[in-house]
Amino acid sequence: MSTVTQLPSISRRVNPAFDVAYAVAAVAAIFLETTMGFTTVFNYAVKGLPLAMLTFMAVRGAAPGLLRTGIAVGFFFSMIGDVVIVIEFLAGIGAFFVAHIAYVAALGGVGRRREWTGLVPAAAVWGGMYALLADKIPADLYVPVIAYMTVISVMYLRAAGRWVAAPGDTGRLWMVVGASLFVLSDACIAINRWVSPIPYGRIVILGTYFAGQWMIFRSLLAARR
């Protein structure tokens, strides 16, 4: 009984007001980046606010320990990446690399044979991006970008494999959809930067990114319930 008192269901803490607040913060971040750029500390703070909110709520959550901790750490380093990547692209890649390591740790090792079916979409993601970018990535970024492509593909492998093993699990469904949007966002960054400009590229990149992170957060809520 005392455990319930100390760790009330996260679904009771999180209500539509939080979702609205997160959406407003995400829209504000997109608006500032696409119109004003980063000329003040305030603008940087707004850019990091959406993931700061998710980090705070994940830390407060009562989901299973490793899942909660890994996702919270992933949110935290994503927040750092959101701000740092504007200043130094390579440092931003490094922060997001750590975030994906945390997500992979949160999802755990491959527990069932069916989970290896995630190799198919993960290999398709990695192979497709490599074929598109291999001869376009600047030499000084080649190794970091390939390493990042690999770690995000492993994250997608775990998310997709876990969902295939238990397609009726709502938390796993939220996770794989969130991971898919994260992959899409990063693919758009690479295409927009090195292949061809995407119409409304920054809006597409940030919109899919913030939506994907929110869905990963929803996976945490579903796991708690």
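**An enclosed cavity and a surface patch**

Let me start inside the protein, where helix 6 (89–107), helix 7 (119–133), helix 8 (142–165) and helix 9 each contribute at least two residues to the lining of the largest cavity. Please keep in mind throughout that what we are looking at is a predicted model.

How many residues line this largest cavity, and which of them lie nearest its centre? The lining consists of 19 residues, and those nearest the centre are Tyr-148, Met-149, Asp-186, Ala-187 and Ala-190. Helix 9 provides the largest share, with six residues of the lining. Sorted by class, the lining holds 17 nonpolar residues, together with one polar and one charged residue. The volume of the largest cavity comes to about 280 Å³, and, counting cavities of 30 Å³ or more, the total is one.

Stepping back to the whole chain, we find ten helices and zero strands, and of the 225 residues in the chain, 47% are buried.

Tyr-200 sits in the loop that runs between helix 9 (170–195) and helix 10 (201–224). Is Tyr-200 buried or exposed? Tyr-200 counts as exposed, because its relative accessible area is 67%, and the cut-off for that class is over 50%. Together with Ile-203 and Val-204, Tyr-200 makes up a nonpolar patch on the surface, and the three residues have about 310 Å² of accessible area together.

So much for the two regions I wanted to show, and I am happy to go back to either of them.

Technical notes. Residues are numbered from 1 along each chain as its sequence is written. This is a predicted model: local features need pLDDT of at least 70, side-chain atom pairs count only at pLDDT 80 or more; totals for chains, interfaces and linings use all residues. Side-chain values use heavy atoms; hydrogens and water are left out. Patches are made of residues with over 30% relative accessible area and no salt bridge: like charges are joined within 9 Å, nonpolar side chains (Val, Leu, Ile, Met, Phe, Trp, Tyr) within 5 Å. Accessible areas come from the Shrake-Rupley method with a 1.4 Å probe; for residues, only the protein chains shown count as cover. A salt bridge is a side-chain nitrogen of Lys or Arg within 4 Å of a carboxyl oxygen of Asp or Glu. Helices (H or I, at least four residues) and strands (E, at least two) are DSSP runs, numbered from the N terminus. Buried means under 20% relative accessible area, exposed over 50%, partly exposed in between (1.4 Å probe, protein chains only). On a 1 Å grid over the protein atoms alone, a cavity is a set of points where a 1.4 Å probe fits but cannot get out, and a pocket is an open set with protein on both sides within 12 Å along at least five of seven lines; lining residues have an atom within 4 Å of a point. Grid points are joined across faces, edges and corners, and a volume is the space filled by probe spheres set on the points. Ala, Val, Leu, Ile, Met, Phe, Trp, Tyr, Cys and Pro count as nonpolar, Asp, Glu, Lys and Arg as charged, and the others, Gly among them, as polar.
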